[in-house]
Amino acid sequence: MTSPWLVVIDAQRIFADPASQWCAPRFAETVEPIRELVEEHAGRVVQTRWVPPPVKSGSWLPYFATFPFADRSPHDSLFDIVDDIAELRLPHTVSEPTFGKWGKGLQAVTGSHAHLVLAGVATDCCVLSTALAAADAGCFVEVVPQACAGSSDEAHERALEAMRLYAPQIEVRD
C-alpha cells in the first residue's frame, strides 16, 4: 500500500465561527490533532474548501433558500481556511462546490486508488460524503475522530457509526 495522504476537509471560518449557522461546536478541538497529523504526513497533505456552486440548480435552489447567508462569492473570507491551519502552508488545496470532496481535483493530487486519512468538518456532512465516495472509488479511507468535528456531538457519533459499517474500506481509528 502506498503512503497515505492526509485530507484536511473544510477547516474554514464558516465552520469555525460560533456566529455561523454552520459552526461545528468542537471545531477548535480539532486544530491540535490536525496539526499533529500534518506533521506525521509531511508533504502528503491536501486541504479542501467548500465553496458555493457558481450556478444553483436542482436541490441547491432550496438549499440556498434555507441557508442564504452562505450564498456568496467563493472568494469571500467566510470560506477562508482558519488561521491556525492556514499558517501550516499546506502544499495542496482543492475547492469544490460539493459536500463530498472526492472527485477529479482531489484525485489529481492523490491518485485514483489512494490511501486517505480524513480529518476536518463536519463529520456528519463533508467528511462522511468524502469517505463514502472515496471508498466507492476504491480508496482505502481512515477517519480520525479526534481530528473531526460534527454539527453536534450526537451527529458526529452517528456519522462515525455509519462509516464503521463500511469496513474494511473505511476504518475509523478508535
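# Briefing: salt bridges, helices and exposure

Asp153 is partly exposed, at 36% relative accessibility (buried is under 20% relative accessible area, exposed over 50%, partly exposed in between, with a 1.4 Å probe and protein chains only). This is a predicted model: local features need pLDDT of at least 70, side-chain atom pairs need 80 or more, and totals for chains, interfaces and linings use all residues. Residues are numbered from 1 along each chain as its sequence is written, and side-chain values use heavy atoms, without hydrogens or water.

- How many salt bridges does the structure hold? There are ten (a side-chain nitrogen of Lys or Arg within 4 Å of a carboxyl oxygen of Asp or Glu).
- Arg26 takes part in a salt bridge with Asp153, and their closest N and O atoms are 2.6 Å apart.
- That pair links distant parts of the chain: Arg26 is in the loop between H1 and H2, Asp153 is in helix H7, and 127 residues separate them. (Helices, H or I with at least four residues, and strands, E with at least two, are DSSP runs numbered from the N terminus.)
- Arg26 also forms a salt bridge with Glu29, with 3.0 Å between the closest N and O atoms.
- Arg26 is partly exposed, with a relative accessible area of 38%.
- Glu29 is partly exposed as well, at 48% relative accessibility.

**Salt bridges around Arg13**

- Arg13 and Asp83 meet through their side chains in a salt bridge of 3.1 Å, N to O.
- Arg13 lies in helix H1 (residues 13-16) and Asp83 in helix H4 (residues 83-86), so this pair ties together parts that are 70 residues apart in sequence.
- A network of salt bridges links Arg13, Asp80 and Asp83.
- How exposed is Arg13? Arg13 is partly exposed, with a relative accessible area of 30%.

**Helix H6 and its neighbours**

- Helix H6 covers residues 123-136, and its buried residues are Thr123, Cys126, Val127, Leu128, Thr130, Ala131, Ala134 and Ala135.
- What do those buried residues pack against? Their partners are strand E1 (5-9), strand E4 (115-121), strand E5 (140-149), H7 and E6. Contact means heavy atoms within 4.5 Å.
- An α-helix has 3.6 residues a turn, so residues three or four places apart point the same way.
- Just after H6 comes Gly138, which takes a positive phi of about 100 degrees.

**His156 in helix H7**

- His156 has its place in helix H7.
- Is His156 buried or exposed? His156 is buried, because its relative accessible area is 12%.
- Leaving out residues up to four places away in sequence, His156 touches Thr123, Asp124, Pro145, Cys148, Ala149 and Gly150.
- Thr123, one of the residues that His156 touches, is also one of the buried residues of H6.

**Two further places to look**

- Pro168 sits in the loop between helix H7 (153-164) and strand E6 (170-172).
- Pro168 is exposed, with a relative accessible area of 67%.
- Pro168 and Glu142 are 26 residues apart in sequence, and 9.7 Å separates them in space, C-alpha to C-alpha.
- Glu32 belongs to helix H2 (residues 27-40).
- Glu32 is partly exposed, with a relative accessible area of 44%.
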